[in-house]
Amino acid sequence: MKRRDFLKFIGAGGVGTGLGILFGQAIKPPGSKLIPYLIPPEDVIPGIANWYASACTQCAAGCGILVKIMDGRAKKVEGNPLHPISGGKLCVRGQAGLQSLYNPDRIPGPLRRKGARGTNSFEPISWEEALSEVTAKLKELSDKGENDKLYLLTSALSGHLGRLTDDFMAGYGSTNTINHDLFDYRNLRYANSAAMRLDAIPHYDIENTQYLLSFGADFASTWLSPVNLSRGYGEMRQGEYRERGKFVQVEPRISLTAANADEWVPAKPGSEAILALAIAKLIVDSGHYTGADASAWKALLAPFGLTYAAEATDLDKKKIRHIATEFMNTRPSLAIGGESISAYSNGVSGLVAVNILNHVAGNLGIKGGVRANDRDLFAGTRAKKVGPGIDALIRAAEAKEVGMLLHYNNNPAFTTPGTVKAAEALKNVPYIVSFSSFMDETTVLSDIILPANMSYEDWGDHFADPAPGYQVATLMQPVISPVYKTRSLGDTIMELGRGVGGAVAEKMPGGTFADHIKESWSKLYSQNKGMSASALTFERFWRDTLATGGWWPEGAYKEQKLSVTPKRVARHVSKEPAKFDGAATQYPLHLISYAQAGHLDGRGANIPWLQELPDPVTSVVWGSWVEINPKTAARLGVKMGDMVEIESPHGKIQSPVFLYQGIRPDTVAMPIGQGHTLYGRYAEKRGANPIEILPSTVDKRTGVYALNSTRVRILKTGRPGDLVKMDVSTDELGRNIVQTIAPGATGKVPPSSHH
Amino acid sequence: MNQPVLGLFPHVDSMVEAAVGLKDTGYTVTVFSPIPLGDALDPIVVRKNYIRYFALFGAFIGLFFGIILTLGTAALYVLPRGGLPIWPITPTLLLTYESIILFGVIWTLIGFFIVARKPNFGKQIYDPKVAIDSFGLLVEDIREDKIEEVEQLLKSFGADEVNRVEKS
Amino acid sequence: MDNISYKEVNEDVVRTMTKTGWKYWVALILCAGLAVALWGVPWGYQIYVGQGVTGLNTPTFWGIYLANFVFWIGISHSGTLLSAILFITATPWRRSIYRSAEAITFFSVLTAAIFIFVHMGRPWNFYWTMPYFTTRQLWVNFTSPIMFDVFAISTYMTSSVIFLYFGSIPDLAAVRDRVTGWRKPVYTYLSLGWRGTDAEWHWLSKSYTFFAVFIIPLAVSVHSIVSWDFALSMVPGLNKTIFAPYFVVGAIFSGTAAIVTLMVCFRKAMKVEKYITLMHFDKLCMLLLVMSLLWSYINVVEVFSGWFANTSAENETLRYRMFLAPHSYMFWLMILTNSILPLLFIFRRLRTSIFVCVVVSIGINVGMWIERYLIVATSLPRKFLPNMWHDYIPSLLEISVTVGSFFFFAMLFLIFVKVWPSISIYEVKEDIGFPMRKGFKRH
Amino acid sequence: MSGILTRIKDKLKSYRVPGYRTKFDYKWTMVVDLDRCSGCEACVVACYAENNLPVVGKRDCDVSRRFSWIRIERYVEGEYPDVKVKFIPIMCQHCDTAPCEIGCPVYATYHNQDGLNVQVYNRCVGTFTCATYCTYDVRRFNWFTYKWDAPLEQQLNPDVTVREMGVMEKCTFCIQRIRVAKDTAKDEGRKVTDGDMQTACMQSCPTDAITFGDMNDPNSKVSKLAKSPRRYRLLEELDTDPSVIYLKRVMDDKKGSGNGHGSSHG
């Protein structure tokens, strides 16, 4: 054999061997290897999770939630599918609650002020020490006989915790319970109470309506009960076995909700009430309204003629008439009033106007309209009267009439206009106790901090307001043990009450707050027929309730007539438009401050997920911006991202420009939520807070600061801003990305076209 | 005992003439040169091109290697991707093309090593001058009595230098 | 080359390897130092911290590193491909420059190959792209253009090294005879016992022909495959059928320009003007001119067909590339250097002016680098969904690595000229001709 | 020899290859009703929570390195006062002829038996090819090894890997939940049906815009919704055959982009 041939042979042999190995590999069954790198994530063996029902406390809506617990840690929050408010769904803030729970900037345990007030200098102390110090202070105040100088400042506390604090205050001898939240719908409550004699916020039945006319209600992101209303919205649009409902939004800018509307009606800021009344007048005049008091309505609405309204609202007459025609002819229709109609100096009037509109169109008390809610299960014991507002506390503090302040879970130093100087006022209070979880602008003023558990770590209950037409009682249970050295607020209050002794101690229930909740529910069980009917014994009922997350008589809606009479509302109807600070010549632009989807009133700003969540409308992350119409911006000579100064008669702030076609040229808008000076690493020194430059204008009837009651001017700074937005281009360039279909091209048509 | 003789020529043509003459006489001649002489050597020796078989063989191995590698391994783990067939044609062709070239090149090199008997670090007859400007003519298989004659012959053809050489 | 003797050639070439002035050492240390400082250190940092130190972002996942990769692959096309084509077509002027040109090929392929690892997210797992048997079910996807790359480039690198080494064997033998000390055994082994017999020369030239034949289609396929990394995607601006010839032409264009630039430096530094003459520059510049015209033609075709298609995606990419991108002036600079300046080579006077050659060839290399950069950096930022568009601006680190790669390449070349006969001794001698009794006879 | 061939054949059969061999067990499909979608982004945060997506901070957001596997894109058209804002949630489309899968040299991404486009983090070497080839820009790269400020890491979902630096990732259709549903169904000796599992985004969506299910099951909700006359798929002209079906938004859009005549641009 020649050498060359030998090599050929070797070569061929090598190939043959390779072939053999390959075939050998090929016919092996899969999975006979060592730990392969070929593991798609689906083969990771899932762990076993436990689910606990509770209620979401990120806003006041009270969605029922399920918390996924693995290894004693909360992993995910999801809507409780059984729960009538959330129906298994949840909004951004609800989802992000866990990052509030596990926030690295939570106050880890009791703190006592060390340095000067407001310098954020605290030292950790033990719970015993903290409780005894506060008890001593309470006693001291009581000994001085200044019991009525004790103030309690909280967000609206839900359920039995609220009742416990009421008892505490009553036992102590003080009536100064101040509930404050930037968006707590006081105007809405007041207007409903005045117009319809309703204590509870009614259920706005978006789900079943065929025509939704919204006056600036941003229900898709923040307004009232966003998850519940959004669920209704989805059904209204594409629910099975029904026609597609039409949706018109009146708002000076295209909010997230307005973006979903079929028509956007950019009425001039402050004129929304006039528009509502003008539509009501058209309806009454057309003879659609057949009530006995039609002539009274006619008289009341007489000043709101179409010409006047068109001029005041800066809208086309045809458009107003068109809306009026559709609104009355489409059955059922529904008008709702949100922030942009209520955030003026005459906010209550606007909301009353919406009620009038609903009344004359015949939308009150019907399916697909406004449906009354029962008083919650506390009826009679804790009426939801509109109590004193934050301005009462600030006035008292300025007058040095506050002896001691108990503060929990809100941030007036951030959410009240800069001109009010809330922080300055609170510095006059000799002793402030805070139960807050985060060191924010208000908490830092306190002398001692007794951090409360978060809702995931604590017992509690929530009674939905607005409820979906029937009562919803949600039970909260501790789903994990406290992450930090915090204590149940209920336990703390009870212990303080017992420590002070006397009348307070008597009012305090025995045992722990957990016992108290169970006991209270057993009372509810025995008082409430629906509850007792659902289970044989209370223990059984309690076990079921803990598992399902609460109690609600599903679908037990009681028809309840609702009406508005001219007499009741006459004093709220006036031709006088909203007042704005700043002369139009000097300050040519209206400023709209609105709740940002993720941050609401600023409370979400310390949650990294929400900071990094692009704003649904502008896609801006990690900062604030000011929305300006491109035409206005061209006139001012500013472009996207430029830093500008927004100056009102009460101050100025800086913010980068966001050019937005969807805003009136005479209006600029800024989101609320950023601009914290103190609120943990994720929130601090980021963006600007538009509330700082707002006037202290309040609606006298409710004490609510009017967010949209100032004009501003925009000044160039010449510097680039720090705008970070995720959308580079919002121009579709004809690429058919979001495809649309004209109404009527499918089976679902807007009902108005039937007429 | 054969004593090889190396004649160093300054000119190609004289060297070739000498080589032809000696070869015709029956001596074994080997030409050393600093440059490839190509067809100038045709009068002395014509060689067959064996390299082409190696190249062809390498190309065939490459062909099989490419096909087996791509198709065989695809059968090893059946992982669909992008809606392409598990045994896709175009990539197989492409990779086979590359492997044909790779193996063709490698086998050509191996072929050269074999037919040129390289590397060879053993003792060989060599004169560094042939790497510069001399054309060497090595004459082997000389009967002992003919050495002088060959030397004379080389000189007469124009060799600068004629040496009796040994393997070094 | 009439006045050069065979002996002189040997002496000159060996001199370039053995006589080393201080300037050489300064240059070498400078290049090596800068290569480490500008490339090695930042790359180490990037591996430690992550790809986040680059300017890459969500639509623009490929940036300057990929541009460098394509650029260096392009440079590589000068040497081996030109050498092979000119060898097959028996072009005489190839002989004194092809060795260095092949070295350029090897070093630039090496640089390019390293850039693949530079751009990877987890370069420590690079061997997962190699087809080898493991018990952990690692295998490679042969439908991936990246896999084509791995195959093509490793084949190319292997073949180029063989081609370079194989052609050098007789010269290594010549060097072996002339050196002493540590060099002696090194070149003894490198030359494989070459003697220069007629049989050796015969097999050498036969084998060499085969290598050349193998290498020409390989080189064309390599750059086609590199272009398919882009062209097989659906990204507007990358998904172009013309990319394969475009890249091949561009590669030869840039490679030839690189040869011109390097030859100017080389002949100056090594004082080998008598081997690399103005005639060589004349020929190379003619080649450049042809390539420039071809390149311009394809470029026009690319732009025109994109414009003619008149789809939103194509239009946007073109608009972005020419006017809107952060560095859109680069497009026009590229047109100047690649299409307009080479037109100077129409004139023989300018073809033989070293100054013009240097200016234009450097310009072409800059332009060709820009071309690769623009292809990547102005297509990916404008993909299909306008919401996700995002400009790409390379970070300082990326720029430093890019600059460092040039020093790395220079370092390799500097080492090469000292350890390898950088001018083919025996082929220059062929150029001189066979010494006959009646003088030299040329082929 | 024939024995070997049969065994190879059996092996090939044991993998159910989508589309072109035998039918696969499941064909996971997502239907997104753009008429329901309000753009509230609840899905985005739900995805962050479920899939351990890191928060990258303002600087990295600025260079477009945000991690959301699902994002809401918004398109604004018209001038004041006739402005239309449109939203579309975009996540990995799990294309049946996915461009990304072709690109990966190491099979870190490929099609699995359920028609899902899976990503094997362990295998990924980070060549970026998949992300470059992706026509929907849904792939996300771990530019750094991201850290969670303690104790935020206690929230991390143990069913989902935390990815290290240099690895590509993307929406998985919540494959860990699919796995749980399949396990449960297997224990009960049946196939996975509607209601057995929801993806995190679908679960949170307040307007019920997102529906997820098995297209091979003719009774599933997605099968029914997919027959809607409003059906379309994103960039369908690219022929990537996505598993995500969109239902057109009902809108009085004068341009009528959905009615076949694209608006003129360029």
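This is a predicted model: local features need pLDDT of at least 70, side-chain atom pairs count only at pLDDT 80 or more; totals for chains, interfaces and linings use all residues.
Visitor: What is the strand order of the open sheet of 7 strands in chain A?

Guide: The pairing within this open sheet is mixed. Each of its edge strands, S5 (122–124) and S7 (177–179), pairs on one side only. The order in chain A is S5-S4-S16-S15-S14-S6-S7.

Visitor: Which residue of S15(A) is the bridge partner of A:Leu406?

Guide: Strand S14 (residues 404–408) and strand S15 (residues 432–434) of chain A pair in the parallel sense, over 3 bridges. The partner of A:Leu406 in S15(A) is A:Val433.

Visitor: Over how many bridges do S22 and S27 of chain A pair?

Guide: Strand S27 of chain A, residues 711–720, pairs with S20(A) in the antiparallel sense over 2 bridges, and A:Leu589 has A:Val712 as its bridge partner in S27(A). Strand S22 (residues 642–648) is also antiparallel to S27(A). Within S27(A), A:Arg713 is the bridge partner of A:Glu647. The pairing of S22(A) with S27(A) runs over 5 bridges.

Visitor: Where does A:Leu600 lie?

Guide: A:Leu600 is a residue other than glycine with a positive phi, near 55°. Its place in chain A is the loop between strand S20 (589–595) and helix H24 (608–611).

Visitor: What is omega at the cis peptide bond of D:Tyr80 and D:Pro81?

Guide: D:Pro81 lies in the loop between strand S2 (71–77) and strand S3 (84–90) of chain D. The peptide bond that joins D:Tyr80 to D:Pro81 is cis, with omega about 0°.

Visitor: Is the crossing of H5(C) and H6(C) left-handed or right-handed?

Guide: The axes of helix H5 (residues 145–178) and helix H6 (residues 183–190) of chain C come within 8 Å and cross at roughly 145°. The contact involves C:Tyr165, C:Leu172, C:Val175, C:Arg176 and C:Asp177 of H5(C), together with C:Lys184, C:Tyr187, C:Thr188, C:Tyr189 and C:Leu190 of H6(C). These residues comprise 6 nonpolar, 1 polar and 3 charged. The crossing of H5(C) and H6(C) is left-handed.

Visitor: Are H1(C) and H5(C) roughly parallel or roughly perpendicular to each other?

Guide: Helix H1 of chain C, residues 6–18, has an axis that comes within 10 Å of that of H5(C), and the two cross at roughly 80°. From H1(C), C:Asn10, C:Glu11, C:Val14 and C:Met17 meet C:Ala174, C:Val175 and C:Arg178 of H5(C); the contact holds 4 nonpolar, 1 polar and 2 charged residues. Angles of 65 to 115 degrees count as roughly perpendicular. The helices H1(C) and H5(C) are therefore roughly perpendicular.

Visitor: How far apart do the C-alpha centres of domain 1 and domain 2 of chain B lie?

Guide: Domain 1 of chain B is made of two segments, 5–46 and 123–164, whereas domain 2 spans 51–115. The distance between the C-alpha centres of these domains is 45 Å.

Terms used. Residues are numbered from 1 along each chain as its sequence is written. Chains are lettered from A and ligands numbered from 1 in the order in which they are written. Side-chain values use heavy atoms; hydrogens and water are left out. Axes are lines fitted to C-alpha atoms, for helices over the stretch in contact, and angles run from 0 to 180 degrees between N-to-C directions. Helices (H or I, at least four residues) and strands (E, at least two) are DSSP runs, numbered from the N terminus. A crossing is left-handed if the near helix is turned anticlockwise from the far one by less than a right angle, and right-handed if clockwise. Contact means heavy atoms within 4.5 Å. Ala, Val, Leu, Ile, Met, Phe, Trp, Tyr, Cys and Pro count as nonpolar, Asp, Glu, Lys and Arg as charged, and the others, Gly among them, as polar. Domain bounds come from an automatic or database domain assignment. Two strands pair if DSSP finds at least two bridges between them. Angles under 35 degrees count as roughly parallel, over 145 as roughly antiparallel, 65 to 115 as roughly perpendicular and the rest as oblique.
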